[in-house]
Each structure stands twice: as C-alpha cells, then as structure tokens.
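Subject: Structure handover

Hello,

Here is the structure that I am passing on to you. Please open it alongside this message.

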Amino acid sequence: MTFMDKVYTLRTEARSDGKTAYFISFTDGQGKFYDLEVSEPFFIEFRQMERKNRNLQQSDWRHQEHSDLWDETLYNRAFRVPKSVEELIFDAEQRELLDKAIAALPEVQRRRFLLYHDYNFNYRQIGEMEHCRPQSIRHSVIRARERIKAVLEKYRAGQ
C-alpha cells in the first residue's frame, strides 16, 4: 500500500431535518467495516489533513531524485536562481496583505471563500452545509475574490 492509498472514505449525508451528517467509513485490520458519524469540525479537520498529506507527498515526489535525469532537467536545475532577499520580503508582505484582506471580508463570505479555496469543498457541498443554493455560494466566493483582488490592486497602485 502506498502513501496515497486511502483506506477510508469521507461522505456527507443530508438529513430530513435539514442538517448535514458527516461520516468516515473504513475497514479495520480484521476486515470489520465501520461507518462512523463525526462532528463537522472533526470532518473539516480530517479533510485538511488529507490536503496536507497530499501536498506533502507531491512535494516529496518533486524533490525525489530520479535515476533517469534528462540533460534538459539538469540544465534547468543549474540555472535556477534562488529568490533574492527583496523578493522574499515582497512575498511575505503579499501574504500578510492577503491574510488581512481575507480577514476583512464579512464572516459569511470569508467562511465560504476559505471552505472553497483552503478546504477544497465545491459549491454544492458548501451549499449543503449552509442550507442554500450552490449559485449563492458561487456568487459569494466570486464577490470575496473580487474584494480581495481590489485590496491587492490598491496596494500595488500605492507602491
């Protein structure tokens, strides 16, 4: 079994009372199947852990030395210039500005924006969580993106 083989599944279920139930299903070492209902924060944390693990594996794969290196790959590596101190500082400022712009969003827009971009939920899933239409979620995320973009452009214009 490789690192990316999932031994569990995550799913949501809409209840008749309008609430959403969150489940993690897996089979233990003895072959017994479990379907556990978990809280929403636990479910979101589990999804975030999945995302971090996936990113870690992709990072490991990118940095792994492969036995058949091409001349072009070696050439590109030889001329990859590390970022200067100024570029590193600029990147840190940009990230700080982005964090402030996200924090300045109204609570509903901020939550929807983060669920969509950081937690990789789609509009339908967020709509189920918030009991509204996916189009409303999409519009809210687009508006949040526009507000953030406006803040970043205003900052760039002031430089």
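Below are notes on the strands, a helix, the core and the aromatic rings.

This is a predicted model, in which local features need pLDDT of at least 70, side-chain atom pairs count only at pLDDT 80 or more, and totals for chains, interfaces and linings use all residues. Residues are numbered from 1 along each chain as its sequence is written, and side-chain values use heavy atoms, with hydrogens and water left out.

Helices (DSSP runs of H or I, at least four residues) and strands (runs of E, at least two) are numbered from the N terminus.

Strands. E2 (residues 20-27) and E3 (residues 33-38) run antiparallel and are joined by 6 bridges; two strands pair if DSSP finds at least two bridges between them. Opposite phenylalanine 23 stands glutamate 37 of E3. The hairpin of E2 and E3 has 5 residues between the strands, and glycine 31 in this hairpin has a positive phi near 85°.

Helix H6. This helix (residues 134-158) has 25 residues and spans 36 Å from first C-alpha to last, close to the 36 Å expected at 1.5 Å a residue. The expected span is 1.5 Å times one less than the number of residues. Its buried residues include Ile137, Val141 and Ile148; buried means under 20% relative accessible area, exposed over 50%, and partly exposed in between (1.4 Å probe, protein chains only). The buried residues of H6 pack against helices H3 (85-103), H4 (107-117) and H5 (123-130), where contact means heavy atoms within 4.5 Å.

Core. The largest nonpolar core has 23 residues, and Leu10, Phe43 and Ile148 are among those with the most contacts inside it. H6 gives the most to this core, with 5 residues. Such a core is a set of buried Ala, Val, Leu, Ile, Met, Phe, Trp, Tyr and Cys residues joined through side-chain atoms within 4.5 Å.

Rings. The whole structure holds 5 aromatic pairs. Rings of Phe, Tyr and Trp (its six-membered ring) pair if their centres lie within 6.5 Å; planes under 30 degrees apart count as stacked, over 60 as edge-to-face and the rest as tilted. Phenylalanine 42 and phenylalanine 46 form a tilted pair, at 5.9 Å centre to centre with 35° between the planes. Both lie in helix H1, 4 residues apart. Phenylalanine 42 counts as partly exposed because its relative accessibility is 42%, whereas phenylalanine 46 counts as buried at 18%. Tyrosine 116 and tyrosine 123 form a stacked pair, at 4.6 Å centre to centre with 5° between the planes.

Regards
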